[in-house]
Amino acid sequence: MKAIVCVKQVPDTSGVVAVKEDGTMDRAAMATITNHDDLAAVEAALRIKDATGCKVVVVSMGPPPAEGMLRELLAMGCDEAVLVSAREFGGSDTYATSQILAAAIKKIGVDDDDIVFCGRQAIDGDTAQVGPQIAEKLGMPQVSYVAEINVDGKAVTVKRLLEDGYMTIKVQTPCLLTCVKELNDARYMSVGGIMECYQKPLEVYNYETLKDDPLIDVTTIGLKGSPTNVYKSFSPPVKGAGMMMEGADKATVDKLVSILNDKHII
Amino acid sequence: MDLHLSKEQEMLRKMYRDFAENEVKPLAEWVDENEAFPEETVKKMAKLGMMGIYFPKEYGGAGADVLSYVMAVEEMSKVCGTTGVIISAHTSLCCAPIYENGTEEQKMKYLPKLCSGEWIGAFGLTEPGAGTDAQGQQTTAVKDENGNWVLNGSKIFITNAGYANVFVIFAITGITTDKRGRKKKEISAFIVERTDPGFSVGKHEKKMGIKGSSTCELIMEDCTIPADRLLGKQGKGFGIAMKTLDGGRIGIASQALGLAEGAIEETIKYTKERVQFGKRISQFQNTQFQLADMHAKTEAAKWLVYSAAMKKQNHEPYTMDAAMAKLVAAETASDVTRRCVQLFGGYGYTREYPVERMMRDAKITEIYEGTSEVQRMVISANLGVN
């Protein structure tokens, strides 16, 4: 058994969001982090490794500096990394990205008892589409919004986090799970892990490696081939300071109702 | 000297920072207020390999280098001086002398458990009558008829004592005559376990700073240990103690460095928020110049600390480097933290902000593991000034 985890390096949106003149995000000007939901997916895979000794392979599509993130994940305990990186892949939307990642995962090899993990969504695009599209392309069952995982051989029982409750689903491997950050707290890199991470295998899949895979239609990948294009990125205007009202008495509630009425909210 | 960090060291720094920010900083005030040894934090650090950073993997260490250890003490001390010294005393004063002087059997018996954090280590040299004058030892060790060593005496101000399982202890094993015919105490080093018969941990000291660090007295009353607990050769204890303290000083210098850096970080943040006379106090030239001075001094100290660490790593002589690093870093930490309290004004004097704790924590770095005066003695002796 092995776990394959898809991860994305994203701009750290807790700092300043830089936007280029053409309206696209200026990634070079922003600090990068590993996407939060993806870290939860990595941790979920590592916990299965702790319990079963299975292998964990992390795969990321991104520019060459994304290797730094992959090394950090190897330092957390992942065994192997694959960086999918080529100029031809740059600017891909979710439709294009999922083709490329599906082909990469196929090349890594999916066995009967394997699980593919993804984060629910990335904090830059917020689409939550790549994971499910990969599953479709690989023809495997998928469960999204995973907040709890129990693996018993080839049967995986997962709890989905929905807006109004949980849904428990049992699924057979090979399957794809998209994880929410509430699933767990990711572990730290360890000192020993850091000392070993540059000795662990990291393979680069470029355009040549993947272009002939039938899962990829080369006319629909990259910035030019992607069906969707980002028209404009901008920082939303800062909201004004909120108003705090304290008290559980009728007078306070009446005041609140009257304010909401004045604003035509109720 | 090349001070570019390797990729691994950069990554370690990032991990230490994340850990310090998320796991150590939130507890620092509680640790200080309650004089509480942060046991859970130590367990978490141990799990990440931080209790044996620069020892080889075959002894259970993480296989990193001395500078990587220095950065761990530095980053923890930025947010909590107590946590910094726990790692420092454990690593430099217990793991290191066993690693450097122990037999293969001793190393295999103690280092894996110490490096994994299952056991915590401490070092016992200081006695009520023997501080800077380490030759003034009174603790004795004599061989009994079964070949065991029997230790009698007491040690004071022992860092980590209340929680340590293994102690490197120094005792007089005889009287020798030096080259000039003067009588001299023969000192030897021993590995003592907490559970050894006749060994006990005494009074817990109430301190001005690093309050969560467990500082206690050790009492040995006919404490009997097997012959194979002698660490290094008989009579070589004083040299082992001095060499151990050379390494220890790099650890304490790192703690001092971290405290200075942590206080500066807090002060920069505060001065950008605090408004007086209609301006942020960071806009006043006094604040700007004070912080510029403090940062420059701290960076200078950092170079000395890192340079000493790299010399130790490269097996170059580093006694004077460690003494200079500790002298400068400790005095910088005391000066910087005091000035940071001043920039905070009245709030700096309250326990609402961490700088007063940092000022109390910083003072000890000028005292333990060799006072600043001892460092000056070491440096001047190395310069041949006598």
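Trainee: Which residue of S4(A) does Ala3(A) stand opposite?
Mentor: That's Val56(A). Before we go on: this is a predicted model, where local features need pLDDT of at least 70, side-chain atom pairs count only at pLDDT 80 or more, and totals for chains, interfaces and linings use all residues. Residues are numbered from 1 along each chain as its sequence is written, with chains lettered from A and ligands numbered from 1 in the order in which they are written.

Trainee: What makes S1 (residues 2-7) and S4 (residues 55-61) of chain A a pair?
Mentor: Strands (DSSP runs of E, at least two residues; helices are runs of H or I, at least four, and both are numbered from the N terminus) pair if DSSP finds at least two bridges between them. S1(A) and S4(A) have six, in the parallel sense, so they pair. Lys2(A), for example, stands opposite Lys55(A).

Trainee: And how do you know that S1(A) pairs with S6 (residues 115-119) of chain A?
Mentor: There are three bridges, parallel again, and the cut-off is at least two, so that counts. In one of them, Val5(A) has Phe117(A) as its partner.

Trainee: Where does S1(A) sit in the sheet?
Mentor: The open, mixed sheet of chain A runs S9-S8-S7-S10-S6-S1-S4-S5-S11. Its edge strands are S9 (165-172) and S11 (202-205), each pairing on one side only.

Trainee: Why is S1(A) called mostly covered?
Mentor: Six of the six residues of S1(A) are buried, so the strand is mostly covered. In a regular strand the side chains alternate between the two faces of the sheet. Here Lys2(A), Ile4(A) and Cys6(A) lie on one side and Ala3(A), Val5(A) and Val7(A) on the other, all buried.

Trainee: Over in chain B, why are H4 (residues 81-101) and H6 (residues 237-273) called roughly antiparallel?
Mentor: Their angle is about 155 degrees, with the axes 9 Å apart. Axes are lines fitted to C-alpha atoms over the stretch in contact, and angles run from 0 to 180 degrees between N-to-C directions. Under 35 is roughly parallel, over 145 roughly antiparallel, 65 to 115 roughly perpendicular and the rest oblique. So H4(B) is roughly antiparallel to H6(B).

Notes. Buried ≥ 20, exposed ≤ 12 C-beta atoms within 10 Å, placed from the backbone.
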